[in-house]
Amino acid sequence: MNTRQPTGGPVLDARLRLTRGDFSLDVGLEVAPGEVLALLGPNGAGKSSALRALAGLLPLGGGHVRIDGRDRTTTPVEHRPVGMVFQDYLLFRHMSALDNVAFGPRCQGVPKAAARRRAAELLETMELGACARLRPDRLSGGQAQRVALARALAVRPRLLLLDEPMAALDAGTRVDVRVRLGRLLEGFAGAGVLVTHDPLDAMVLADRLAVVESGRVVQQGTPAEVARRPRTAYVARLVGLNLFRGSAEGTTVTVGGPKGAQPVLVRVHEPCTGEVLVAFPPRAVALYSERPHGSPRNMWRLTVEGVERFGDQVRVRLSGPAPLAADISPAALADLGLARGTAVWAGVKAAEVECYPV
């Protein structure tokens, strides 16, 4: 996560409303100077549509796009103070890396020599000086991504749009590029909007997250706030938490189970009232072949649905009145003899359960 402290009024103030077939988008976004906002959400949620609307590539059916207080809603793409990096880079194949980066300034009327100097400086900053004369087909994926970023920055944008900028990179290259991109964004004085499916990219590169589902923003906050208190099943899966919705009275939350099943009771460590969400990490779940006696835990009888490797742990997916995930050690898996269809007891201490209003 970044440590920048954005100040002043927003660089970006947007309300994006558009309809495409059966899909409608209606989101409001604000991004301060020096701030990066990450848009997260499942496929088809509207993230890329929002980004393209900000760039002027999709016309709005309503709302506005203001950059530094100036209405840019109907400003043509080429006249918006916006730089954009696409997931497939879209570099000009017939141009060298240097000329790709110089292209934007040249379109703005910057003299050729000055545009090439600016491009050369940016490539040096990104440690690509030796690649200046190479065409895109001679560049690695990581190099091409950095050239695309340099091209976006060369126009000195006030708004930088990043559409899955590391989606085409292999795992090893992604780590290096993520670090480099983070350093560049820390020095960017404008506003940044990043679209990504990767929660790690969002957590490392963004100051704030906006989660988009079905064309609407369902949750916003810092990465820590979103990770600690997810508000939808998608966000809970994204940050690796078990999440339930229920009605609280005191330290007991009543959660509706599957259709026809008895409600599930979840005990929490602090009193709550009304409609709430309860969340806890898979690592907080302990599994037993027999119900333990005298334990203060929440206890549920569940069935193993699947087992998969998860880092140095094993993630066990459980179904039943309280479907959840548990992370246990490989040794515990062997001791319990777990396989699909095995019945187990799952326990969670009340102190491990976070309870907060809907």
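Guide: A charge is said to sit over a ring if NZ of Lys or CZ of Arg is within 6 Å of the ring centre and within 35 degrees of the ring normal. The structure above is a predicted model.

Visitor: What makes the charged end of Arg315 count as sitting over the ring of Phe310?

Guide: The charged end of Arg315 is 3.7 Å from the centre of the Phe310 ring, and the cut-off is 6 Å. The charged end therefore counts as sitting over that ring.

Visitor: Which residue lies over the face of Phe92?

Guide: Arg151 does, at 5.2 Å from the ring centre. That value is also within the limit of 6 Å.

Visitor: How many aromatic pairs does the structure hold, and which residues do ring pairs link into a cluster?

Guide: There are three aromatic pairs. Ring pairs join Phe244, Phe280 and Trp300 into a cluster. Rings count as a pair if their centres lie within 6.5 Å.

Visitor: Why is H4 called roughly parallel to H5?

Guide: Helix H4 (residues 141-154) packs against helix H5 (residues 171-186) at an angle of about 20°, and their axes are 10 Å apart. Angles under 35 degrees count as roughly parallel, so H4 is roughly parallel to H5. The crossing of H4 past H5 is right-handed. On the H4 side the contact is made by Gly142, Gln145, Arg146 and Leu149, and on the H5 side by Thr173, Val177, Arg180, Leu181 and Leu184. These residues divide into four nonpolar, three polar and two charged.

Visitor: How do you know whether H2 and H4 are roughly parallel or oblique to each other?

Guide: The axes of H2 and H4 come within 7 Å and cross at roughly 25°. That angle is under 35 degrees, and H2 and H4 are therefore roughly parallel to each other. Their crossing is right-handed. Ala97, Asn100, Val101 and Pro105 of H2 meet Val147, Ala150, Arg151 and Ala154 of H4. By class, this contact has six nonpolar residues, one polar and one charged.

Technical notes: Residues are numbered from 1 along each chain as its sequence is written. This is a predicted model: local features need pLDDT of at least 70, side-chain atom pairs count only at pLDDT 80 or more; totals for chains, interfaces and linings use all residues. Side-chain values use heavy atoms; hydrogens and water are left out. Rings of Phe, Tyr and Trp (its six-membered ring) pair if their centres lie within 6.5 Å; planes under 30 degrees apart count as stacked, over 60 as edge-to-face and the rest as tilted. Axes are lines fitted to C-alpha atoms, for helices over the stretch in contact, and angles run from 0 to 180 degrees between N-to-C directions. Helices (H or I, at least four residues) and strands (E, at least two) are DSSP runs, numbered from the N terminus. Angles under 35 degrees count as roughly parallel, over 145 as roughly antiparallel, 65 to 115 as roughly perpendicular and the rest as oblique. A crossing is left-handed if the near helix is turned anticlockwise from the far one by less than a right angle, and right-handed if clockwise. Contact means heavy atoms within 4.5 Å. Ala, Val, Leu, Ile, Met, Phe, Trp, Tyr, Cys and Pro count as nonpolar, Asp, Glu, Lys and Arg as charged, and the others, Gly among them, as polar.
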